[in-house]
Amino acid sequence: MKILVTGSAGFIGMHTAKRLLDLGHEVVGVDNLNDYYDVGLKQARLDQLILHPNFEFVRLDIADAAALRHLFPSVKPIRVVHLAAQPGVRYSLQNPHAYVNSNLVGFLNVLEGCRAERVEHLVYASSSSVYGGNTHLPFSEHDNVDHPISLYAATKKSNELMAHAYSHLFGLPTTGLRFFTVYGPWGRPDMSPSLFVRAILDGKPIDVFNHGNMQRDFTYVDDIVEGIVRILDRPAAPDPAFDPAHPDPATSRAPYRLYNIGNHQPVALAEYIAEIEKAAGRQAIKNFLPLQAGDVMATCADTADLQRAVGFVPATLLAVGIARFVEWFEEYYGYH
């Protein structure tokens with residue numbers, strides 16, 4: 001079928017589009033190729049896709065309402081995977097307007113396009129950051145998430161609320177996927193794997209925040225893509241057991257669902273750095289710093305709902321995923 005993938009030049013977007021093409025679908029990729037980070041990396045990702053006969057690329061900004069109004073009827077997608085967004089917790093402290101334009105205005109334009117074309121399923125990226133001030137582990141989709149501690153998190157929570165409104169008002173099936181600390185080949189240069197590996201290979205110090213006393217649910221990108229593809233084939237449906245007197249945040253009377261996609265095995269930051277050192281074959285010079293604004297102490301995904309829904313949970317071992325990432329990084333950036 002024809003599937004629209006927004007953010008197709010992005011890290012997760014490229015991997016998702018490639019997997020959908022490998023499964024025989026037609027994919028229309030959308031990206032604005034902005035300069036938040038190296039455009040050359042984005043173009044190199046696109047180069048992995050553009051030679052495929054079933055791939056079409058459209059360069060546009062999802063915040064451009066007129067462009068989206070033209071795109072949807074011209075493409076007529078059956079399903080949509082919405083991965084375009086302004087990413088990054090820390091950057092949201094410096095440039096908040098970028099998050100409103102991309103993550104709120106852009107998402108509204110995508111919702112409107114899906115409504116107008118009667119798309120049969122919209123799957124969109126949310127984030128583990130929505131759990132914010134909630135410290136109850138593991139993080140469950142059924143928990144309250146009304147205490148974001150960054151604007152980025154607030155925009156992702158807003159996406160879930162906006163999606164529910166469209167599911168309720170227009171019967172649009174929407175599924176939000178809360179990704180947990182995604183890493184792997186073709187990852188963003190502003191993310192810790194790239195920052196750490198580059199510094200280690202260059203013999204420069206790495207910044208270790210909160211003195212290394214943090215845990216993250218690191219999730220390999222192939223596992224994220226597997227979850228996306230499986231959920232895409234399972235359009236959200238109304239929950240007949242939904243009780244409005246005791247509303248469950250993860251379900252609804254509307255065709256709306258939320259799922260975590262995480263490795264459900266949190267790893268201490270020190271262990272994570274040790275795996276990178278092992279794969280890179282060098283020791284890191286560590287610069288210990290306090291906790292940063294917008295950061296949380298620990299993340300861990302409850303993936304029971306994902307398991308029940310599609311019979312899959314991420315399971316790639318950190319040592320395996322980090323080794324693959326470092327091998328890609330050294331080859332792509334010429335460290336051999």
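Student: Why is Glu160 called buried?

Tutor: In this predicted model, Glu160 has a relative accessible area of 1%. Buried means under 20%, so Glu160 counts as buried.

Student: What makes Glu160 and Arg178 a salt bridge?

Tutor: Their side chains come to 2.8 Å, N to O. The cut-off is within 4 Å, so the pair qualifies. Glu160 sits in helix α6 and Arg178 in strand β6 (residues 174-179), so the pair ties together parts 18 residues apart in sequence.

Student: And is Arg178 buried or exposed?

Tutor: Buried: Arg178 has 1% relative accessibility, and the limit is under 20%.

Student: How do you know that Lys157 and Asp146 form a salt bridge?

Tutor: Check the distance again: 3.6 Å, N to O. That passes because the rule asks for within 4 Å. Lys157 lies in helix α6 (residues 151-170), while Asp146 is in the loop between β5 (121-127) and α6, so this pair links parts 11 residues apart in sequence.

Student: Why is Lys157 called buried, and what is Asp146 called?

Tutor: Lys157 has 16% relative accessibility, and buried means under 20%, so Lys157 counts as buried. Asp146 has 47%; exposed would need over 50%, so Asp146 is partly exposed.

Student: What about Glu277 and Lys286?

Tutor: The closest N and O atoms of Glu277 and Lys286 are 3.2 Å apart, making a salt bridge. Glu277 is buried at 9%, and Lys286 is partly exposed at 36%.

Student: What makes the link between Tyr335 and Asp202 a polar contact?

Tutor: The side chains of Tyr335 and Asp202 make that contact at 2.9 Å, and the limit is within 3.5 Å. The two residues are 133 apart in sequence, yet their C-alpha atoms are 9.5 Å apart in space. Tyr335 belongs to the segment after α11 (318-332) and is partly exposed, at 26%.

Key. Residues numbered from 1 in each chain as written. Predicted model: local features only at pLDDT ≥ 70, side-chain atom pairs only at ≥ 80, totals over all residues. Heavy atoms only, no water. Helix = DSSP H or I, 4+ residues; strand = E, 2+ residues; numbered from the N terminus. Buried < 20%, exposed > 50% of the residue type's maximum accessible area, 1.4 Å probe, protein only. Polar contact = N/O pair within 3.5 Å; in protein donor to acceptor, adjacent residues only side chain to side chain.
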